[in-house]
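Subject: Handover of a structure

Hello,

I am passing a structure on to you. Please have it open while you read my notes below.

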Amino acid sequence: MTHLVEKKLEAIARAGEPDYEIMWGRIEKRLGHVRPITTRPGISGNKKKTIILAASVAIMTAVPVVASVHNSGWESLWNGQSSYNAIELGLGNRLDHTVTSGGIAMTLNGVATDDQRMNILLTMDDTDLPAYDVVTFDRSQLASEKGVEDGIQVQLKHVPEEGRLYGLATVQNNLGDGRERYQLTLDHLVFYKYTSVPVAIKPAQSQGKAVQLVGSPAKSIAIISTIRENNVLTVRYELNGVNDYLKHNPQLQLVSGDQVLKPQNSALLPSEKPNVLLRQSTFNISDADLAKARFELAALEEAGRKEGSWRFDFKAAGKKAAQAIFAMTLNPDTVVNDSYMKFTELVVTPLEIRLMYDEKQNFPEPGQPLIQYETVKLIADGRELDSGTGFNTTEDGRYYRRFELPSWYEQKAWGSVPIQVILSGQKAQERAEADHAVTLAQPSASKKTATTEQHGATVTFTYYKDGKDLMVESASDNPLFGGITQSYLNINGERMFPELNPTPPGGNGTNRKVERYVNVPNGDLTLNPFLYVWFDPKATTVLQLQ
């Protein structure tokens with residue numbers, strides 16, 4: 001869902017309703033899942049260091065070399081392909097400056113800019129690297145005659161077959177169309193590797209169990225809940241007394257025999273307890289493997305470092321890049337669609353293509369679901385580009401879908417290029433009518449069921465008492481039903497909401513939801529499904545922008 005939904009929910013919460021799970025807009029942004037353009041994966045800041053996991057990225061079409069260096073590493077880094085292309089097309093600054101420190105030569109290959117960011121391409125030749133999962137600089141700083149630039153972030157990618165480390169340093173671009181002298185300082189390459197400690201809890205019987213940990217950045221772990229559905233195991237757990245979680249990134253993993261099973265999805269959830277991390281992880285594991293599996297807690301620890309201090313003095317000019325930026329206001333009649341996005345402008349820069357939009361709807365209303373599309377593709381001059389998932393924001397807070405600038409970009413008359421947008425795969429958040437009632441007859445310790453229809457899907461509610469609390473489990477066999485987001489009880493005309501139990505980004509592998517209502521009165525109860533999700537994977541909308 002969108003982050004404007006979050007604002008609406010906060011307003012409702014202030015009026016007495018809870019902050020529902022659509023609050024994930026806030027949580028994702030804080031953790032980097034929803035990324036402003038100044039915060040990107042694989043990047044670490046210079047004030048509070050965050051270790052980011054390396055990820056495999058599909059190889060894109062290569063273009064000619066920059067300073068005799070192939071593009072196989074930069075294209076694996078966020079915005080690396082576009083930066084490389086911009087320099088190749090003469091819209092950036094080709095530099096090829098080499099500095100040696102600690103016996104290691106590092107090269108600043110070039111600089112590419114647009115109206116939002118400055119990207120600096122780096123390479124380092126060194127085959128003698130320790131085994132690692134994450135690599136970063138101990139310190140990184142970019143300074144100009146105006147002072148030190150805030151928030152420099154560095155991505156690094158090792159290409160073993162070349163014996164080379166590729167880097168991309170990013171900072172907000174304050175150069176504009178001018179020319180400036182800069183100094184980039186990079187100190188000490190630090191390598192981190194996941195190490196694990198045993199967790200003395202059997203996964204198959206882990207709910208409600210807690211143990212102390214030894215040799216881990218967390219003092220103890222408590223398994224709050226487990227959900228087993230087909231071959232999917234969802235585990236929600238607390239880590240207590242964690243030391244510097246941004247650096248160590250502690251997370252649960254399963255080990256079955258010699259096989260280490262890392263979570264398919266893992267998310268950090270909001271916790272009201274001080275110095276406690278609440279996480280949820282989803283594993284795909286068979287019953288046979290689960291029966292013999294064990295838990296381990298993995299965390300990043302320093303595995304080695306390359307001592308050195310590399311300082312580059314260089315000049316960068318932004319005039320050509322600034323002149324290459326194209327912006328076109330879109331005709332409102334050509335962008336009409338049923339999603340929450342109202343497309344307003346197409347912006348083409350040397351580093352990306354932006355499809356700007358306003359959010360025309362910020363909360364699902366009865367009869368008016370909040371619809372988003374899983375896939376947004378741009379067809380420009382017959383070439384297809386995919387924006388991926390999530391949203392981006394400019395420095396002034398405007399929203400856009402982002403497309404990596406392809407190698408065929410050139411300074412053409414973009415105002416006459418045929419452009420289509422293809423939206424496909426609906427995911428909708430819908431709100432039940434206020435009078436939609438599901439009767440829960442005389443809840444007791446014994447499990448009972450009630451059913452209802454939501455968007456053509458039969459939803460079964462299994463309910464029972466746990467002491468004075470009411471437990472409500474919802475699920476559907478319909479694969480197009482995404483699950484209940486938030487229900488409520490109608491008690492004497494007042495709404496009663498369950499404890500906050502958010503579903504993390506990526507879901508929990510099923511459409512099952514477990515909700516707890518605290519201190520519920522006896523007797524028949526009335527449940528309203530309130531908010532729920534449905535999918536239409538075949539839905540497609542084609543917009544002809546020009």
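First, the ground rules. This is a predicted model, where local features need pLDDT of at least 70, side-chain atom pairs count only at pLDDT 80 or more, and totals for chains, interfaces and linings use all residues. Residues are numbered from 1 along each chain as its sequence is written, and side-chain values use heavy atoms, with hydrogens and water left out.

**Asp114**

Asp114 sits in the loop between β3 (104–113) and β4 (117–125). Strands here are DSSP runs (E, at least two residues), numbered from the N terminus. Is Asp114 buried or exposed? Asp114 is buried, at a relative accessible area of 3%; buried means under 20%, exposed over 50%, with a 1.4 Å probe and protein chains only. A polar atom of the Asp114 side chain lies 2.7 Å from the backbone nitrogen of Gln116. Neighbours within four places in sequence aside, Asp114 is in contact (heavy atoms within 4.5 Å) with residues including Asn173, Ile325, Glu352 and Arg354.

**Cavities**

Cavities come from a 1 Å grid over the protein atoms alone: they are sets of points where a 1.4 Å probe fits but cannot get out. Lining residues have an atom within 4 Å of a point. A volume is the space filled by probe spheres set on the points, which are joined across faces, edges and corners.

The structure holds two cavities of 30 Å³ or more. Ala, Val, Leu, Ile, Met, Phe, Trp, Tyr, Cys and Pro count as nonpolar, Asp, Glu, Lys and Arg as charged, and the others, Gly among them, as polar.

The second largest cavity holds about 30 Å³. β17 (294–317) gives the largest share of its lining, three residues. The classes there are four nonpolar, three polar and one charged.

**Second largest pocket**

A pocket is an open set of points with protein on both sides within 12 Å along at least five of seven lines. The second largest pocket has about 970 Å³ of space. Of its 29 lining residues, the closest to the centre are Ile224, Arg236, Glu499, Leu500 and Asn501. The lining divides into nine nonpolar, nine polar and eleven charged residues.

Best wishes

How values were computed: Helices (H or I, at least four residues) and strands (E, at least two) are DSSP runs, numbered from the N terminus. A polar contact is a pair of N or O atoms within 3.5 Å; within protein, one must be able to donate a hydrogen and the other to accept it, and residues adjacent in sequence count only if both atoms are side-chain atoms.
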